Amino acid sequence: MPVDSLKDALPAYAKDVKLNLGSLVTTSSLTEQQLWGTLLACAVATRSQRVIAEIASEAADTLSAEAFTAAKGAASIMAMNNVYYRSMHLIGDETYATMPAKLRMTIIGNPGVEKVDFELWSLAVSAIGGCGRCLESHEQVLRQAGMPREQIQEAVRIAAVVNAVAATLEAEAALAAV
């Protein structure tokens, strides 16, 4: 199991991350598609080749081809949107909020999977990207669709843990080369 491989690769000082990764995968209240789509989108968002490969391997066994592509699409579009909307917010001039973005975002309207799943993946990627505006926007859409706060929180926990796994493994790889 590739997630087990990631857990086994974590050093002793990252025991909490290891335990959190295991519990997220085994005790999720999300649907299988929501869980594995969130894991995959977050893995892509970390840019860690190892984390992407390991999680993608396991996600491919669970997700349909359409869901697999949509999860990657969520990571891709949010890589753009997180930079754009975070920057517009951080500039501090509200005039920018009234200006059209002039960026293509058609995948958000037609992601190839249930909109709520794509929104959840986008929210999780936005947590990694650190875009408050995107987090607020996706959370509102999810709440309006009836998703409980506990499941939204779970997606953010997944983002946090996958990001920590990637950061730890990337750091260990770099330190091993020293």
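Student: In which helix does Ile 152 lie?
Tutor: Ile 152 lies in helix α9, residues 149-176. Helices here are DSSP runs (H or I, at least four residues; strands are E, at least two), numbered from the N terminus. Before going on, note that this is a predicted model: local features need pLDDT of at least 70, side-chain atom pairs count only at pLDDT 80 or more, and totals for chains, interfaces and linings use all residues. Residues are numbered from 1 along each chain as its sequence is written, and side-chain values use heavy atoms, with hydrogens and water left out.

Student: Why is Ile 152 called buried?
Tutor: Buried means under 20% relative accessible area, exposed over 50%, and partly exposed in between, with a 1.4 Å probe and protein chains only. Ile 152 has a relative accessible area of 6%, so Ile 152 is buried.

Student: What does Ile 152 touch, not counting residues up to four places away in sequence?
Tutor: Ile 152 touches Leu 120, Leu 123, Glu 139, Leu 142, Arg 143 and Met 147. Contact means heavy atoms within 4.5 Å.

Student: Which residues does the UniProt annotation "active site" cover?
Tutor: In the unreviewed UniProt entry, that annotation covers Cys 131 and Cys 134. UniProt positions are given in the numbering used here, feature names are shortened, and annotations may be inferred rather than shown by experiment.

Student: Where are Cys 131 and Cys 134 placed?
Tutor: Cys 131 is in the loop between α7 and α8 (132-144), while Cys 134 is in helix α8.

Student: What makes Cys 131 count as buried, and what makes Cys 134 count as buried?
Tutor: The relative accessibility of Cys 131 is 0%, so Cys 131 counts as buried. For Cys 134 the value is 4%, so Cys 134 counts as buried.

Student: Where does Ser 126 lie, and is Ser 126 buried or exposed?
Tutor: Ser 126 lies in helix α7. At 0% relative accessibility, Ser 126 counts as buried. Beyond four places in sequence, Ser 126 touches Met 78, Asn 82, Cys 131, Cys 134, Leu 135 and His 138.

Student: Why is Leu 90 called exposed?
Tutor: Leu 90 is found in helix α5. Its relative accessibility is 62%, so Leu 90 counts as exposed. Leu 90 and Cys 131 are 41 residues apart in sequence and 9.8 Å apart in space, C-alpha to C-alpha.

Student: How do you know that the buried residues of α1 line one face of the helix?
Tutor: The buried residues of helix α1 (residues 2-9) are Pro 2, Val 3, Leu 6 and Lys 7. Seen down the axis of α1, these buried residues fall within an arc of 150°, so they line one face. The arc is that of the directions from the helix axis to the C-beta atoms. What covers them includes α2 (15-26), α3, α4 (49-62) and α9.

Student: What volume does the largest pocket have?
Tutor: The volume is about 200 Å³. On a 1 Å grid over the protein atoms alone, a cavity is a set of points where a 1.4 Å probe fits but cannot get out, whereas a pocket is an open set with protein on both sides within 12 Å along at least five of seven lines; lining residues have an atom within 4 Å of a point. Grid points are joined across faces, edges and corners, and a volume is the space filled by probe spheres set on the points.

Student: Which residues lie nearest the centre of the largest pocket?
Tutor: The lining has 14 residues, of which Ala 45, Arg 47, Ala 79, Ile 128 and Gly 129 lie nearest the centre. The largest share of the lining, seven residues, comes from α5.
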